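Welcome, and thank you for taking a look. Please keep the sequence and the 3D view side by side as you read.

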Amino acid sequence: MRKSRIACGAAVLGYFLLILLPVAGFGGEGELSGVPVWNSRRLGLVWNSFLMAFLSACGCTVTGVLAAVGIHSGRLRNSGRRWFFLLLAPVPYYIYALTWMCMVRWAGRGDRRWFAVSMTGLLPCVIVDIMAFLPMVTGLVLTAMEHFDRQQIEIARVYGTGHKVLARVMLPAIWPSVSAAGILVFVLSVTDFSVPSLFQYQTYTLELFSEYSRGCDLGQIGRLALPLILLVLAMILGALGGLRSLSAGSASMGAHGVELSGIWAWMGKVGVLICILQLMVPAAVFVLEIRDWVSVRESIVLCRKELAVSVVIAGLASLTALALAGPAGIWVEDKPMPLKALALFPVAVPSSLVAMGLLQTVNGSCFHWLSQTVYFPALGCAVKYMPFAVLVFMARARGIPREELEIARVYAVSEGEYFFRVLLPAYRPAVLGAGALVFLLTLGEEGITLVLMPPGYETLAVKVYNYLHYGAGELVSGFCLITVAVTAGVMVGAGRMMSRRRKTGLRGRGKKA
């Protein structure tokens, strides 16, 4: 088994070397044209970033909790359809950005003041972030509710009504998971520059990207970004406890959830309704925006190359992440917090900074030829999103008794038999989940591909992002409608596949019993 351990060690080492590779590009010296590192303008941009992220996290958390409560206490509790809100979970930000732009344009035809306020600034950024992250928050909170000990609910029902059980027993118990979901929204919002740039809302992350575009020194930009990175990283580590609790037990499904009435029942229904609108409104808006369906066919023709490039880059990023993040996630799961912080470091770094550092490092090395290949943006996306795959493998590793794996390792005839018959089946859910997660996140990435894409290539996300700035409404609506249809089809197919495997597993257990 020595060869397998050497291979795993090499993969773990490769993971840490790769995530730290962009850092080498920020070692330069220089001044930003004599401008102080911190001034009132930059402090104002930091405030803008944190205000946007805070409002997005609060709005998304409140709505996600209400939606999860409505699903958990409603008719969908025991149905596989309770996960309907995940149908468009992987779609990029620009889907909801264009949806909001179209709705504001329709509503603002008679009132220019409403049009000006709603098309730029803080409000549209917060609304787009809430719509984009709502499926993730609802899913995390609903998972926490389903992992809550059902016996505690039954005991609490003896002494109080449904809404008291929810408010005094269940919500306080799952609060770590709820706060972790809110922290994730804050982190993803504060490190993104695409949504603020679309709605002309000045944030600190957008300022860093602008400074790079003006040709400033990367070493100084790295020092400007360091306080933001450290704060975001601390928040991520704080969310780990809540995420760990999701895999601490098994889901407890019963005939009934927490029975709610009155205002609580209505609030749950409102949350579910918002999730339904989050699914239906984008598709409806794009259909209404397209007056001539010939433009849809034209959109397909125009975006074929970009869609193919996007799929290739996402596939390469996913394979790279699985090869390195799998062993790294399993290895780091029981390690001290500093190592966990290092493993999750890229999540706290804005995508544009990851791309800048990687470009500077590679161009100054013997691997400069890599920047002329399609694999270069895939490598940047792998660096950014591998930590998410690490989190998936960490969660899976906590649910597998290591003693059983060690026994299987002893009795395995060869390393190949142990890997293919024991280890791979045990971690298959993590492999599929992490691979799909990195693939879908890369598919909607704009900042990294915008910086690292070689000449002559363009991804669909960048193409739509550019069209949104130029205001090509009907054509870009066709692009977005294609994206929505493809995403929904992939999610439906994945859901059916998981459902079939679960039924097959249950039948197998029944036969053994």
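Here is a short tour, from the whole chain down to single residues.

## The chain overall

This is a predicted model, so please read everything below with that in mind. The protein chain has 21 helices and 0 strands. Of its 513 residues, 48% count as buried.

Taking the contacts between residues at least 6 apart in sequence, 85% join residues at least 24 apart.

## Helix H3

Helix H3 covers residues 93-107.

How many of the residues of H3 are buried? The number is 11 of 15, so H3 is largely enclosed by the rest of the structure. Tyr93, Tyr94, Ile95, Tyr96, Ala97, Leu98, Thr99, Trp100, Met101 and Cys102 are buried, and Val104 is buried too.

## Helices H15 and H18

Next, have a look at helix H15 (residues 375-398) and helix H18 (residues 428-443), whose axes come within 9 Å and cross at roughly 155°. Angles over 145 degrees count as roughly antiparallel, and H15 and H18 are therefore roughly antiparallel to each other. The crossing of H15 past H18 is right-handed.

On the H15 side, the contact is made by Cys381, Tyr385, Phe388, Ala389, Val392, Phe393 and Arg396. H18 contributes Pro429, Ala430, Val431, Ala434, Leu437, Val438, Leu441 and Thr442. By class, the residues of this contact divide into 13 nonpolar, 1 polar and 1 charged. As background for reading such lists, an α-helix has 3.6 residues a turn, so residues three or four places apart point the same way.

## Leucine 279 in helix H11

Leucine 279 lies in helix H11 (residues 263-289). Is leucine 279 buried or exposed? Its relative accessibility is 11%, and the cut-off for buried is under 20%, so leucine 279 counts as buried.

Setting aside residues up to four places away in sequence, leucine 279 touches Phe84, Phe85, Leu87 and Leu88. Leucine 279 and leucine 87 are 192 residues apart along the chain, yet their C-alpha atoms are separated by 7.4 Å.

## Glutamine 200

Our last stop is the loop between helix H8 (194-198) and helix H9 (204-213), where glutamine 200 sits. Glutamine 200 has a positive phi of about 55°, although it is not a glycine. With a relative accessible area of 59%, glutamine 200 is exposed.

How values were computed:
Residues numbered from 1 in each chain as written. Predicted model: local features only at pLDDT ≥ 70, side-chain atom pairs only at ≥ 80, totals over all residues. Heavy atoms only, no water. Axes fitted to C-alpha atoms, helices over the stretch in contact; angles between N-to-C directions. Helix = DSSP H or I, 4+ residues; strand = E, 2+ residues; numbered from the N terminus. Parallel < 35°, antiparallel > 145°, perpendicular 65-115°, else oblique. Left-handed = near helix turned anticlockwise from the far one by under 90°. Contact = heavy atoms within 4.5 Å. Nonpolar A, V, L, I, M, F, W, Y, C, P; charged D, E, K, R; others polar. Buried < 20%, exposed > 50% of the residue type's maximum accessible area, 1.4 Å probe, protein only. Expected span 1.5 Å × (residues − 1).
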